[in-house]
Amino acid sequence: ETFFVNLFNPTNLPIARAQAKGTIFNDDPPCIYISNTQVVEGDVGSTNAVFNIWLTSTNELEVSVDYATADGSAQAGLDYVAQSGRLTFPVGTTNLTITVPVLGDTVIETNEYFRVLLSNPTNGSVCGAEGRGTILDDDQPAISISDVSVVEGNSGNTNATFTVTLTRSNVQPVTVAFTTTNGTATSGTDYTSKSGTLTFPPGVTISNISVTVKGDSVYEPDETFFVLLSNPTNATLAKPQGQATILNDDPFPQISVGDAMVTEGQAGPQYAANFSMTLSSPSS
């Protein structure tokens with residue numbers, strides 16, 4: 001550190017040099033610290049996890065410290081490349097870095113960590129001996145839902161079963177919300193609305209959603225409704241909408257006309273012959 005002595009207001013002589021600097025040399029060894037860091041692992045190759053190592057003050061002497069990686073939940077050789085060595089701060093330098101290669105993969109796993117440990121300082125003191133490197137997993141599965149067709153039937157209920165799949169299993173539970181929505185089919189008349197949350201336990205990649213379809217004997221065109229997926233956890237959405245087609249199994253209604261009888265009587269509209277028209281089944 002520095003301070004100054006200033007001369008001013010002289011009497012009987014001029015001032016040739018008015019300011020002098022006083023330098024206070026630090027004789028206390030600086031503290032050595034290491035940062036934490038995190039990195040997305042990637043699928044292939046390696047990505048560098050960069051740790052910052054710094055001194056709390058400059059030093060008039062070189063400062064050195066040993067460093068070495070150590071496993072946490074991450075394993076050297078599998079998740080990262082082990083590193084070790086000795087780091088030296090030249091005089092006047094207070095910041096350096098250490099890089100550790102993190103190995104990419106396509107394995108779904110929890111976030112993992114390893115450590116970098118500092119030891120054996122010279123001309124300094126290790127005040128923060130451990131830095132943690134967190135490896136962020138980026139291998140989340142994708143969720144898709146199938147389309148389905150079902151014959152409605154004439155009475156009772158039939159299930160339209162949608163298959164929901166993950167592209168790969170996960171070591172963490174995967175959840176996704178679902179809800180039905182009308183197409184040309186109407187909730188309450190043609191099917192029973194449904195909503196909820198689907199959960200895939202670790203290791204499971206297939207699950208089903210069953211929606212009740214209501215039978216009838218009314219002739220109508222094929223109708224549709226949908227199941228929509230949303231709000232996934234530990235996964236992404238690849239195909240979030242499934243379509244159900246309700247296949248009509250009721251035949252065209254047949255039209256019949258009945259016979260009519262009338263007493264001839266006098267002429268006039270009151271003696272009209274009335275023919276009845278009927279359908280063999282209802283139609284929409």
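A salt bridge here is a side-chain nitrogen of Lys or Arg within 4 Å of a carboxyl oxygen of Asp or Glu. With that in hand, a search of the whole structure finds 3 salt bridges. Before we visit them, please keep in mind that this is a predicted model, in which local features need pLDDT of at least 70, side-chain atom pairs count only at pLDDT 80 or more, and totals for chains, interfaces and linings use all residues. Residues are numbered from 1 along each chain as its sequence is written, and side-chain values use heavy atoms, with hydrogens and water left out.

Let us start with arginine 86 and aspartate 66, whose side chains meet in a salt bridge at 2.7 Å, N to O. Arginine 86 belongs to strand 7 (residues 84-89) and aspartate 66 to strand 6, so the pair ties together parts that are 20 residues apart in sequence. Strands in this text are DSSP runs (E, at least two residues), numbered from the N terminus. Arginine 86 has a relative accessible area of 38% and is therefore partly exposed; the scale calls a residue buried under 20% relative accessible area, exposed over 50%, and partly exposed in between (1.4 Å probe, protein chains only).

The next salt bridge joins the side chains of arginine 115 and glutamate 130, at 3.7 Å from N to O. This pair links distant parts of the chain, with arginine 115 in strand 9 (residues 112-122) and glutamate 130 in strand 11 (residues 130-136), 15 residues apart. Both partners are partly exposed: arginine 115 has 25% relative accessibility, and glutamate 130 has a relative accessible area of 38%.

What does aspartate 147 form with lysine 239? The answer is a salt bridge, with the closest N and O atoms 3.3 Å apart. Aspartate 147 sits in the loop between strand 12 and strand 13, while lysine 239 is in strand 19 (residues 236-239), so the pair ties together parts that are 92 residues apart in sequence. Lysine 239 counts as partly exposed because its relative accessibility is 31%.

Is threonine 69 buried or exposed? Threonine 69 counts as buried because its relative accessibility is 17%. This residue lies in strand 6 (residues 63-71). Leaving aside neighbours within four places in sequence, threonine 69 is in contact (heavy atoms within 4.5 Å) with Tyr80, Ala82, Gln83, Val100, Arg115 and Val116. Arg115 brings us back to the salt bridge with glutamate 130. Threonine 11, by contrast, is exposed, with a relative accessible area of 60%. Its place is in the loop between strand 1 (2-6) and strand 2 (19-23).

Strand 3 pairs with strand 10 (residues 125-126) in the parallel sense over 2 bridges; two strands pair if DSSP finds at least two bridges between them. In that pairing, isoleucine 32 stands opposite valine 126. Strand 3 also pairs with strand 5 (residues 46-55), in the antiparallel sense over 3 bridges, and there tyrosine 33 has tryptophan 54 as its bridge partner.

Glutamate 223 has isoleucine 246, in strand 20, as its bridge partner.

We finish in the interior. A nonpolar core is a set of buried Ala, Val, Leu, Ile, Met, Phe, Trp, Tyr and Cys residues joined through side-chain atoms within 4.5 Å. The largest has 24 residues, and those with the most contacts inside it are Ile143, Phe162, Val164, Ile209, Phe225 and Leu229. Strand 14 gives the largest share of this core, 4 residues. Apart from it lies another core, of 21 residues, among them Ala74, Tyr80, Val100 and Leu118.
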